[in-house]
Structures are given as C-alpha cells and as structure tokens.
2 protein chains.
Amino acid sequence: MDIRTPDWVKDAVFYQIFPDRFARSTRVPKATHLQDWGDAPTFHRYQGGDLLGVVERLDHIASLGVNAIYFCPVFQSASNHRYHTHDYYQVDPMLGGNAALRELIDAAHARGIRVVLDGVFNHASRGFFQFSDLLEQGEDSAYLDWFHAGPFPLSPYDDARPANYEAWWGNRALPKFNTDTLAVREFLWDVAEFWMRFGIDGWRLDVPNEIDDDSFWQEFRRRVKAINPDAYIVGEIWGDAHRWLQGDQFDAVMNYPFTRPCLAHFGARTLDHSMNEVSGTGHVDPMTTEAFAARMTEVASTYPLEIVQAQLNLLDSHDTARYLSAVGGDATAHRLALAFQLTYVGAPCLYYGDEIGLPGGPDPDCRRAFPWDDEGSWDMDTLTLVRQLTAARHACPALQRGTFEVLHAQNDLLLYARTHLGSAAYVVMNTATRAQVASLSALPAGTYRDAVSGRTVQVASGAVLDVPGRTPVVLIRD
Amino acid sequence: MDIRTPDWVKDAVFYQIFPDRFARSTRVPKATHLQDWGDAPTFHRYQGGDLLGVVERLDHIASLGVNAIYFCPVFQSASNHRYHTHDYYQVDPMLGGNAALRELIDAAHARGIRVVLDGVFNHASRGFFQFSDLLEQGEDSAYLDWFHAGPFPLSPYDDARPANYEAWWGNRALPKFNTDTLAVREFLWDVAEFWMRFGIDGWRLDVPNEIDDDSFWQEFRRRVKAINPDAYIVGEIWGDAHRWLQGDQFDAVMNYPFTRPCLAHFGARTLDHSMNEVSGTGHVDPMTTEAFAARMTEVASTYPLEIVQAQLNLLDSHDTARYLSAVGGDATAHRLALAFQLTYVGAPCLYYGDEIGLPGGPDPDCRRAFPWDDEGSWDMDTLTLVRQLTAARHACPALQRGTFEVLHAQNDLLLYARTHLGSAAYVVMNTATRAQVASLSALPAGTYRDAVSGRTVQVASGAVLDVPGRTPVVLIRD
C-alpha cells in the first residue's frame, strides 16, 4: 500500500494544550465554583481555562516557533480533562463553546498554526445522551445496542454494585461504545466529519486500539481524508503500531518509544524513580549514550521514513509526570532532551509550560495552570533554547525531514547527523557534567553556526570542538 | 398595568402534538430498539414519531382549521415524553434534530400555522450537563450552585437511598434548578431567546408556578417579547392564575377550569369515575346544564376579556385521559364538548387524535400513536364536526372574539350567544338523549345557518327550533 502522510506535519512543531489550565479569557463567562488559577490541581476541580484564552496567547505560542496545536479534549464534558464526553458536537461551555473554537481556528490559521483535536471515540460518559437513555429506560431504551449493557439494572454511580456494562478499564464513568452497531459507527464517523468541516486539521485519537476493528478506522480515515486530504490522524498507541500504520488507518502515532529513552538517557543521573513508577511512562532505567544512540536509531527506522517524519515526538504529556520533574528537576537534562526532540526526525510536540520549566508530577499535578502572572518563575534559559531550536528547525530542512545518523556515541558524548537533499545539520550532546572535546572529523569542511550558542565553528580536517558539560550544540552549515 | 395579549391567539385554533406519537417520517433515521407504531404506550418505550412526520402531515392539520401547533417537549431528552431535558439547545435526534424543527417551522409558517414549544424550565434531568458534573465531581463541581444539592454523595439512580437533591415532586429523575443562581437564570432566559430567534411563536411553560419568583418570569417575558412582541406565553397553571396574569408575566394559562366542567356536563351520564380519579383532572362530579352555564359564565369572566380571549381551552391533554375515554366512550358527549370548545371564548386546543375519536386512558395510554394506516378506525362524524366548526369559527369574528352570554340553561338545554361588534353567533346544545324544542325568541330575527347540519333556520318572533338529542346547533347569521 502506498503510504502518504501530510507534508505539513513533517515541518511542524506541535504544542499540546490542556485546555482547563492554559489560559483564561475574561470574555468567557465562568461558573462560580472554580479553583483559583494556579492552585494545586485536583482530580475534580476546574480552574477555568478556555479557548479564547488560547487566542489571546497566540503571540506566545507563535514565539515558540509552534505551527500546530494539539488540544486535549475540548468537547462538552463533566470532567476537567474532558475525556468524559457528554456531547461530541459541542465545545464545552466553560471553554467558550463552538463560537470560541471558531474564533480560535480562524485566528490560528491566520498565523499559519494548525489545530488538531483529541478524539475520544472508544467510550462516552455516564451523562452522554444515549447512555443516559439506557439509564432511564433500562431494557426499554431505544439505544440498547449503543453500549454493552446488561443484565439490568445498571449501576452507574454506586461502586458497591456491579456496573453491568462494559467500561474503559472497568471505570464505570466511561461506558464503552458498542462499535459493532451501525448507528454508533455512523455517529462517531459523523462527529469526525463534522469537526473536519468545521475546519480542524486533524485528529489525535484517544486509545484507538480499544476499538479493535481495522474497518472502523479505515472508514474513519476515508471520511476524514475525503474532507481534507491533508488532515493529520495520529493515534495514541503506546507500543508497536504497525497494525495501524499500513497507510490505511493512521498517519502516525504518539511516539512514546521516543519518550522513555529520552528520560533514561538525559535524565540518567537524576531520574525520580518513585515518580515515574506511578506515571504514564512507568519505571525508567538509566541508559548510556551507546544504548540511547542505538535505541533512537531503531526508533527512527521502526516505520517507513514517510511515517517516521510524521510521528508525534513527545517528552511528556497530560498522562505522564512532566519531563523536568521526572528527571528530578534537573533543568540541564530537560534542555538536552528538548534539544534532542527539536533536532530529531518526527514532529516535536511541546507540552504547554515545558518551555518555561513548569514542574509537575503525575496526573493531576502535570496539569498545572500556566503561570502567566509569575514570569519570575519562568526558566528563561529553557525558553530561549526552545525558541532558538524551533527557529533553527524551521530554517533547516535537514532538521525537519532529514535522516538520523549517529556518527559517534561514547562516554556521554553523542554526535549525529541530519541530512536531507542538500541540507545538513550536526548535533553534539555532551551529557557529562564536565566539558568534553568532540571530534568533528566526520563533518564536511566548512563554516557552521551553533544554533544554541550562536558561535561560528570552522570545520576542517581534524577539527575538534570543546563542548561544555550538559550542553547541546547544533551545527548548521552557514 | 396595561394588559395586551397576542391578537393571533384570539383567532387561533391550536393542535397539541405529542411528538413521539404523531407521525414518523422515513427521512429521520431511527434507533433500532423501538416499539412498533401503534403498540400500547408504555412509560419507557419510544415509537419514533418525529418532526418531519409532522411536516408530512400538515395537510391533515390544516384540514382541521388548525393555525397553531403546541408541541409537547421536543428538546433532546432521555424519555419518550421528553420532559427530562438533556439539552435545551438541541431538538432530540430521534425527532430529526434542529434541522427538522427548521423545516417544520418554515413549512408551518408558509401555511399560516404558528408553532409554540413546551418550555420545561423548572427542572432538568439526571443526564443534563451541569447536573452530570455535580454527579461526577460532587462538592468539587463547578456547577455546585445550579441545583439544590447536598449532603454528598448524591444518589441519582438508587431509590433505596435519599437523593440528597431537590427534585420535582421528589422525583429524582428531575433535579430542580436553583433559579436563585444568576447563571441559571441567564441560562434559562438564553434558551428562551435562542428558540424565539430560531422562529418559534411562543412558549407553553411547564409547571411555571414551581419557579416561585415573579421577577424570573417578568424578565422571561421581557426577553421573549423583545424578540417577538407577538409571542404567546401560556403557563401550565391548573388553578387560579391571577398572580401570573397581571400583564407582566404570562399572556394566558392552560384553561383546566374549562376542562372539568366540560367533562362534568357533557359527560354527566357516562363519566368513567375510576379513570378520572387517576387522571390529571381528578374526580369529576356530573354537572347540570344550569350549573354548567353558571360555571362557564364565571370562567369567561375570571380574567379580563383580553386574557380570556387568549386562554388555551383544552378538553384533554397528554396529562389526562382522553376526553372520549374519560366520558366512558360516549362519542356524543365528545362531539358536544368539541362543539362547545370550538364556540366558546378563548383559543380551542385540540389534542392530536381527538379529531378522529382516538381513545386513551390516563398517561401513558392517552399518548397512543396516530393510526394513519387505519382510517377505518377513525370517527368520521367527529372529524367532520371539527372541520365544520373550525371553519365556522374562522368565518365568524363573534365565535373567535365575542363575549359569552348564556340565554337559556335548563333541563339539558343550553343556549348561549357570542357577539362581537356586528358579528353574532348562537349556540344550542341539547344534552338530553331525546329531541327538545328550543325557543329562539332571544335571537334577532333573520336567516341563520346551522354550521353543523348546514340547514337554514328562519328566526322570527316566537321562533322555535327542534334540536335532536345529544346534538349541538351553531347558528350564524347569513
């Protein structure tokens, strides 16, 4: 099968936003019983972020070199993370409703920023209309075949009794759709089409493996691509994804196999094991330069290049501790990892707040409010690095689409090449705490600029480079 | 206060439709697990009527002389009667969604038929979004102040435990809004405005007395009338309604004080007491002609004429046994009552199916499917009478807007006059089973036509009229 992924993704830098916590606009009326902005996150309370808040912060987002936003769920949902979908056709009123998404998409598109939404299609919520009908009518429900329900009565809220319906991981808050029912399939496909027509640029699919049905996703893809052939379809698949990456289902997946080695290697000295063990990543063992290089070479070739270039490479997410906290708060590890992410093959995805060194343990702590009013807390070195390297990436086709080739990997010193047609970039990572000397003999002679320090580097036969401890160097041919 | 009610209501003949049971269109996709059309109604099952079915039956509706439809609730709801509102901004998908209401309103308006919706604003449902958030988050809900809830946890579905929230008549399926909360008030007012802008012609308000707050309904009226000064606002108030009929809240109310005497008098011989005792009307004692005449005179003068002319006069509804069944199946009683309803002051409201003598006991039996495919079951005498008398009413301003004056009421013989400006009509009702002779000496001399029999009646000094048993005569000056 011919595999084609959207070209724009290959050149994209994503920014993942957890809508309740990114930014609040005064233009969206708020419920009264909210947490204060910046309070410690809890499982149940809202802080009142909204989509017009995102519109009002597009300057910041654009300043990061971001040209695509991936939103955690935005549809009407009785949960602060909005994975408990109540209505697939309505943006949550607390986020500003459909009108706010309209304004956001238009404003983002005007800046060349694309918008990808999170599609939570495996399960609904207890308040979802058709499930609500099951709860009200029991076996008499018109929608009896929309879920896997029975025997009756169901017990949606009383944990002391069996729920008597299938739910995601047995969580009765999340009744699983019966996607064998044609009406359910048509419903979910229609939702996908509705928002594509509304103007979104793609779907991030939540736990799509749990709709264990290739034909469902094949038809999903046909319908989405019929509306926009450039739509991005990226699945949340934590493990091997070959099944879905044959060209007829997803374009790519969330690249968690990228995530773990980045924690293991750059954070090797300081990993917070007890934190990771309860985070989405699970336990992470430290990894040497040699092992890391081998692993990332493998990750870069797991799938055809067309797919690898479109993978969503993330260091962390709403489902894991924040990278900075997972590595015990070591900002140098975080910056090295960001530099790797921004110079590796595949679309980097920054998790909101990472650019300013926002800390956070596992869910819900990784969902803190963005501290707009406390710039003193921002890590400006990290912010500067992100801006430098996204700029370098956008300026250098090799960083966007190039192959990944390790030239040296030993004793905490890593050197790799990215090359694409006539473009090339070379990255040196010194993960030791001491300065090291890197041989540049594998590089073509010429004048380079380090996108991080800004210094000019002359490469000739036998050239070497002093690399300070815990520092990345990104050499681009002048 | 200056009291003004919409002129169009004074000339209206309403038709009340229970949407799940009136008509099905093949153009609306249906859930699979429905009752067959015409099966005995149950509390929980759906038969799949929809709004495009109504569009496709507008010929029938118009043929009845109907120029206004009052719909039982149409918004998304997990109940076949749709009083359990799940989403106030969406027409139920099984009814065809908002697009079907758009088509219906446009088609109805093109025929001069107005559309009034049922507004259920006192309570929501267990699946309603903001209540769902309360169920999910408990005390942490952003919408804590939208309902009267606590202590926690709530028990929405388990009848064995206290619900711990206020609900309509203690029915935990129907959590009562906290209309002291500004956001709730604004929400409900916005719903009213949204559908007014959509193009409806008014609101029938469900149990509005249970929002015990004049200022709520005053603002409701201001907003509705600001969008359409001709909007009809009619409250479901079963008893005395002076509080709401001062000109600043409702235009009129559902005239149940009209209903009971009509059962009591025309059905005096055959009343089904055991049925009425469990129906919305409650026990009904037989009433003589004399008492009936006095009572209806009183009913016609309970409120200022401007209001009386706009009252919604009903013989039955989705909340009562059907009139025909309540009077033990006596079609002559039903026809006499229909004749009275169609010649009395105030807007007659026909309950769908009554025009063909559809029977039905109390809820849910009074909500049977309209038997489109079984014309043999239709009572054509009743249907003819309805058509004759709505035509007469539309042709005769006195029948629409005239005063109500009893000229004779004795021994099962009732004679009353309707007069308005130069127009006049005279109605004779012989409720005895034998023929009676009615004196027409109170009528101005001249030539009249009986709108029921079609015969011409000459009135001169000392004129009398033979009136067959159980028959109405409606004399209109030629």
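I started with A:Asp212, which is exposed, with a relative accessible area of 57%. The model is predicted, so I keep that in mind throughout. Which residue does A:Asp212 pair with in a salt bridge? I found A:Arg243, with the closest N and O atoms 2.6 Å apart. A:Arg243 counts as partly exposed, because its relative accessibility is 34%.

Next I turned to chain B. I looked up B:Arg27 and B:Glu56, whose side chains meet in a salt bridge of 3.0 Å, N to O. B:Arg27 lies in the loop between helix 2 (19-22) and helix 3 (51-56) of chain B, and B:Glu56 lies in helix 3, so the pair ties together parts 29 residues apart in sequence. I noted B:Arg27 as partly exposed at 44% relative accessible area. B:Glu56 is also partly exposed, at 41%.

Then I checked B:Asp159 and B:Arg172. Their side chains meet in a salt bridge, 3.0 Å from N to O. Both lie in the loop between helix 6 (129-137) and helix 7 (182-198) of chain B, 13 residues apart in sequence. B:Arg172 is buried at 12%.

Over all chains, I noted a count of 72 salt bridges.

One arginine has no such partner. A:Arg45 is buried yet has no salt bridge. I looked for the nearest side chain of opposite charge and found B:Asp140, 4.3 Å away. A:Arg45 lies in the loop between helix 2 (19-22) and helix 3 (51-56) of chain A. I listed what A:Arg45 touches, leaving out residues up to four places away in sequence; among them are A:Asp20, A:His33, A:Asn80 and B:Asp140.

Last, I looked at the second largest pocket. Its volume is about 990 Å³. Of its 39 lining residues, the closest to the centre are B:His81, B:Trp168, B:Asn171, B:Leu174 and B:Asp363. I sorted the lining into 15 nonpolar, 14 polar and 10 charged residues.

Methods:
Residues are numbered from 1 along each chain as its sequence is written. Chains are lettered from A and ligands numbered from 1 in the order in which they are written. This is a predicted model: local features need pLDDT of at least 70, side-chain atom pairs count only at pLDDT 80 or more; totals for chains, interfaces and linings use all residues. Side-chain values use heavy atoms; hydrogens and water are left out. On a 1 Å grid over the protein atoms alone, a cavity is a set of points where a 1.4 Å probe fits but cannot get out, and a pocket is an open set with protein on both sides within 12 Å along at least five of seven lines; lining residues have an atom within 4 Å of a point. Grid points are joined across faces, edges and corners, and a volume is the space filled by probe spheres set on the points. Ala, Val, Leu, Ile, Met, Phe, Trp, Tyr, Cys and Pro count as nonpolar, Asp, Glu, Lys and Arg as charged, and the others, Gly among them, as polar. Helices (H or I, at least four residues) and strands (E, at least two) are DSSP runs, numbered from the N terminus. Buried means under 20% relative accessible area, exposed over 50%, partly exposed in between (1.4 Å probe, protein chains only). Lys and Arg count as positive and Asp and Glu as negative; His and the chain ends are not counted. A salt bridge is a side-chain nitrogen of Lys or Arg within 4 Å of a carboxyl oxygen of Asp or Glu. Contact means heavy atoms within 4.5 Å.
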